[in-house]
Amino acid sequence: MTTTLTPPPAQRAGRAAKPAKAPKGETGVREATPLTYIGLSLALLFSAFPLWWMFVIASRDSAAAAARPPFLLPGGNFLANMERLFANSSANFTLGLINSALSSTILAFSVVFFSSLAGFALAKLKFRGRDAAAVGVVITMAVPVQMGIIPLLMLMGWLGWRGDITAIIVPFMVSGFGVFLMRQYCVQAIPDELLEAARMDGCSTFRIYWSVVLPALRPAAVVLGLLTFMTQWNEFVWALAVLTPSNPTVQLAINQLNESAFSRDFSLMFTGSVVATLPLLILFFVLGRQLIGRIMEGAIKS
Amino acid sequence: MTLLRRGGAPPSGPEPSGPGSRPPVGADQERLERRQTRFNHFDLKVSPYLFISPFFLLFAVFGLFPLLYTVWVSLHDWTLLGGNQGFVGIANYVKLVQDGKFWNALYNTLGIFAIATVPQLLLALLLADTLSRRIRAANFWRMGLLLPYLTSVAAVAIVFSQLFGTQFGLINYGLGFFGIDPVNWKGGTYTSWAAIAVMVDWRWTGYNALIYLAAMQAVPKDLYEAASIDGASRMRQFWQITIPMLRPTIIFTVIISTIGQMQLFTEPVIFNGGGMSGGTSGQSQTVMMLIFEEAFRFNNYGYGSAIAWTLFVLIVLFGLVNTLLSSRIKGAQ
């Protein structure tokens, strides 16, 4: 019921949208009219404007947000605002950035690793209870476990993890969504003969996973890693519950600015927003095409 | 699958069980082979379970256990400082039914869900239809529309909170040109719903449009050709072919939106300056914010758990009803 993956027809997905279209719609596809482009431009303007506004105000002084007519171009104050941001003692921005970068990176790798391990087993190995386990994974995806947040916090207290970033890492080191995604991709992208050949060469099961399966899963792994990084970077409820302002994530640091007396200082808050958004934007521009390919390929199969 | 049944002697070596003509390889080699065989047997039997165990272990400890324990806590008078103060039966649920704040939060959550989701999905369908034409630089437009999906939620909520400011917000500034007096977005129930719904839609419309676009491209083209030969208008084709063919995808996005929207938290919290109460009269407090307020601000775990479990049941029910309704409505066509 959720997004699934199909293996890319050999590199096609990433590189070219136009060749991908050519075989499909010689007759059925309608031509674009000027109205099409006007509509798309409006949508794009709406999508991009809040981000642009964020950069504009982040690069000006604290009175800029109230200026009339409003500024529409960036100013020269961005570095000065950055200095103020990192010097702000209540926000703990530096620590927040480190915590977010660390936890998101660890989780991206760990979710890819454990999900592909389980996905491989569910797709390609034969063992008792395999089908039940595969169904179980799908069911877990439909359960809103976030509603267990109160006992989860109590559990963190018993483990002594409250206030520590261990608490925002360990519980999320593998996801049902990831396992499901990787299983689908394994089924379609990895021929049995390949595994058999490796087995004949005397490879252990883990060795097969590591040297044969994992490299073949790379396209799906990149997207899962990106989505995991993004989700963790954006995590708010759980971080707010279990961490403290003295050891925040970047989202909590922003919230701290928003809550405190600085909340009328929009250039400071917007600079914080820029710093919190920039890593995601960079990742998006590097990997966005793959992500689009994946979202769209997945949608058809659902 | 033979690869799983394979005994596993090294390919170059002879079978240990081979007929008496054992080559003179020496005892060392033989022991090594036997150990190898035993390892392979173990490897084949146990590895699959080792591979899937991290997921099921973590889910059991950090997902399922807290969820079920929520029910237990909700049946007790349980606070942060005092711990478990004893079994109280359904007292917390009785309190919940009589608690105006709960009904208000539920009303807000459902209201924001409704005014956010309906326009969002319609707009996404429209955008997908536009994107499905033969356009130049298709990837550029797609990336542009997906941009909001990949930004920091809290950061963007801050920007929108400023845009919706009463005095200095650009939105009121823009409305001023049409002679509309400044709106106190945060102050009113429906105005704050609208502001929050805009934040949610800004983030998710493009994402859903891409999903619909993919589904539209998978619709067989000859269906449209046949329809246009029969003289069906574009509009009619859209409603009679595209929408029914997209049914599974639409149901999927509705369910995902339901699960996400019922837990709406970040946007309204940031919009209210980090507070959990949702404004002076709770006009934009969602159920998730109420859970957070009761459990972690007032340290009332028992009551917080009762709300959390109720929301859990509501999400599951809502998901089921959605699925049923969507398939019923479309199935009737």
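Does B:Asn108 count as buried or exposed, and how many C-beta neighbours does it have inside 10 Å?

Mentor: B:Asn108 counts as buried because it has 26 C-beta neighbours inside 10 Å. The cut-offs are 20 or more other C-beta atoms within 10 Å for buried and 12 or fewer for exposed, with partly exposed in between, and the C-beta atoms are placed from the backbone. This is a predicted model, in which local features need pLDDT of at least 70 and side-chain atom pairs count only at pLDDT 80 or more, while totals for chains, interfaces and linings use all residues. Residues are numbered from 1 along each chain as written, and chains are lettered from A and ligands numbered from 1 in the order of writing.

B:Asn108 sits in helix α4 (residues 100–131) of chain B. Helices here are DSSP runs of H or I with at least four residues, strands are runs of E with at least two, and both are numbered from the N terminus. Apart from neighbours within four places in sequence, B:Asn108 is in contact with B:Trp193, B:Gly278, B:Ser284, B:Gln285 and B:Thr286; contact requires C-beta atoms, placed from the backbone, within 7 Å. By contrast, B:Met245 lies 137 residues from B:Asn108 along the chain, and the two C-alpha atoms are 33 Å apart.

UniProt, in an unreviewed entry, lists "domain: ABC transmembrane type-1" at residues 106–322 of chain B. UniProt positions follow the numbering used here, feature names are shortened, and annotations may be inferred rather than shown by experiment. That span is 73% helix and 0% strand, with its end C-alpha atoms 17 Å apart.

Chain B as a whole has 14 helices and two strands, and 40% of its 333 residues are buried. Of its contacts with a separation of 6 or more, 67% join residues 24 or more positions apart.

An automatic or database assignment divides chain B into domain 1 (30–74) and domain 2 (94–331). Four residues of domain 1 of chain B and six of domain 2 of chain B make the contact. The domain 1 side comprises two nonpolar, two polar and no charged residues. Nonpolar covers Ala, Val, Leu, Ile, Met, Phe, Trp, Tyr, Cys and Pro, charged covers Asp, Glu, Lys and Arg, and the others, Gly among them, are polar.

Helix α2 (residues 27–74) of chain B has 48 residues and should span 70 Å at 1.5 Å a residue, which agrees with the 66 Å between its end C-alpha atoms. The expected span is 1.5 Å times one less than the number of residues. α2(B) bends by about 45° at B:Val46, with B:Pro48 following within four residues; the bend is the angle between axes fitted to the seven residues ending there and the seven starting there.

Chain A has 15 helices and zero strands, and 43% of its 302 residues count as buried. Among the spans that UniProt calls "transmembrane region" in an unreviewed entry are residues 101–123 and 165–187 of chain A. Residues 101–123 of chain A are 100% helix, with end C-alpha atoms 32 Å apart. For residues 165–187 of chain A the helix content is 70%, and the ends lie 35 Å apart.

Between the chains, 88 residues of chain A are in contact with 88 of chain B. Helix α15 (residues 266–301) of chain A gives the most to the chain A side, with 15 residues. That side divides into 56 nonpolar, 21 polar and eleven charged residues.

Key. Contact = placed C-beta atoms within 7 Å.
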